[in-house]
Amino acid sequence: MTTDEWLSAGESRSASDPESESEAEAESGAGVPSLWSISDAVADRLADAEGLLVCLDFDGTLAPIVPRPEEAAIPAATRKRIRALNALDGVQVAVVSGRALTDVRERVGLDGLVYAGNHGLELERGGDLTVHPLASASRPALRRACRAIHARLGTIPGCRVEDKGVTATVHYRDAADAAVPAIEEVVSTVAGAESLRVTDGKAVFEIRPRIPWGKGRIVSLLAAEVGGGWLPIYVGDDTSDEDAFGVLADGVGIGVVVGSPSATAAAARLDDPDDVATFVGWLTARWADRPVEVIDAEGKRP
Ligand SMILES: O=P(O)(O)OC[C@H]1O[C@H](O[C@H]2O[C@H](CO)[C@@H](O)[C@H](O)[C@H]2O)[C@H](O)[C@@H](O)[C@@H]1O
C-alpha cells in the first residue's frame with residue numbers, strides 16, 4: 001500500500017479525534033448471544049455471500065492468554081484449521097493483532113494470509129509489508145517514551161515495557177494491584193508529553209501514535225478491497241477489537257467476541273480460543289459444503 005493509499009483510507013475521519021474509531025454503541029456483554037445459538041442465521045449469511053473475509057485477533061483469540069507474552073502460542077490444531085479455511089475458494093483469512101507484524105506472523109506461521117500488526121498500522125499482503133506513514137513518523141517519540149517509562153518503572157516487579165516499533169505495550173499482569181495506578185500515571189504522563197495516546201487492554205496499557213487508526217479501520221479497508229458481496233467476520237477478545245466490532249455492527253458483517261466482556265459491540269460470543277478453533281472448523285465445513293450456483297452459458301440461473 002502506498003503512502004497516498006494509507007492517508008486517503010484515513011481521510012474521512014478527523015485526525016484530531018483519534019478516539020473516534022469506535023462507532024457502534026457498546027452494549028452489555030451479558031446480552032450477547034452465543035454464536036452457536038445463532039448459527040442458523042450465520043449459515044444463512046454464508047449462503048448469501050460471494051466470499052468470506054475472516055479476520056482473527058491473536059492473543060486471547062487464537063492463542064490462550066499466558067503471563068509472559070513471548071510464550072503465547074497458537075495450538076497446532078488451530079493452525080491446521082486456519083490453513084484449511086484459507087485454502088478454500090472465495091475465502092481470505094486475515095490475522096489482525098496488536099503485536100508487531102513480524103512477531104505475529106512468525107507465531108501464526110502460515111503463508112497466504114493477510115497480516116495486520118500493531119493494531120492495523122502495519123499491513124502485509126502477498127509479501128508486501130507497508131507501515132502507516134504517520135506511524136512511522138512517530139517512531140522516535142515512541143522510542144523516547146519507552147526509554148522514559150522503563151527508567152521510571154523498571155524497578156517495579158512484574159512491570160515490563162514491550163517496544164513494538166510503531167506502538168508499545170506496558171504489561172502489568174505480574175505487578176501488584178497496588179502498583180497499577182502509579183504505572184498508569186507514569187504511562188499517561190510520558191505518552192502525553194510525546195503527543196502519543198494510551199489505550200488499555202488485558203493487563204496492559206498500549207501506547208499508540210495519535211492518529212485515527214485502529215483495527216476497525218484496517219478491517220474496513222480489507223472489506224472494501226474484497227468487495228461488497230463478501231461477508232466480513234471478525235473474532236477478537238479485547239478492548240482494541242471493539243473498533244472492528246463497531247465497523248461490522250448493524251449487519252455490515254459479524255463481530256464475535258471471545259469471553260464475556262462487560263460491554264461489547266459484537267453480535268455474538270464464543271467462550272475461549274478452543275471455541276474459536278471449533279468455529280473456524282465450522283466455517284470451513286459450511287463454506288465447503290455450500291451449494292455451487294449454476295449459471296448457464298447465457299448467464300441465466302436454470
Ligand atoms: O491484538 P492481540 O493480538 O490480542 O494483541 C494484544 C496484545 O497481546 C499481547 O498481550 C496480551 O497477551 C499476553 C500473552 O498472553 C498477556 O501476557 C498480556 O497480559 C495480554 O495483554 C501482546 O504482548 C501485546 O503486545 C499485544 O498488544
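On a 1 Å grid over the protein atoms alone, a cavity is a set of points where a 1.4 Å probe fits but cannot get out, and a molecule sits in one if more than half of its atoms lie within 2 Å of its grid points. By that test, the ligand sits in the largest cavity. This is a predicted model, in which local features need pLDDT of at least 70 and side-chain atom pairs count only at pLDDT 80 or more, while totals for chains, interfaces and linings use all residues. Residues are numbered from 1 along each chain as its sequence is written, and side-chain values use heavy atoms, with hydrogens and water left out.

Polar contacts, meaning pairs of N or O atoms within 3.5 Å, can be followed one by one. An oxygen atom of the ligand lies 2.6 Å from a side-chain N or O atom of Glu206, and a polar side-chain atom of Glu162 is 2.8 Å from a ligand oxygen atom, whereas Gly98 uses a backbone N or O atom, 2.7 Å from an oxygen atom of the ligand.

Notes. Polar contact = N/O pair within 3.5 Å; in protein donor to acceptor, adjacent residues only side chain to side chain. 1 Å grid on protein atoms, 1.4 Å probe; cavity = no way out; pocket = protein on both sides within 12 Å on 5 of 7 lines; lining within 4 Å.
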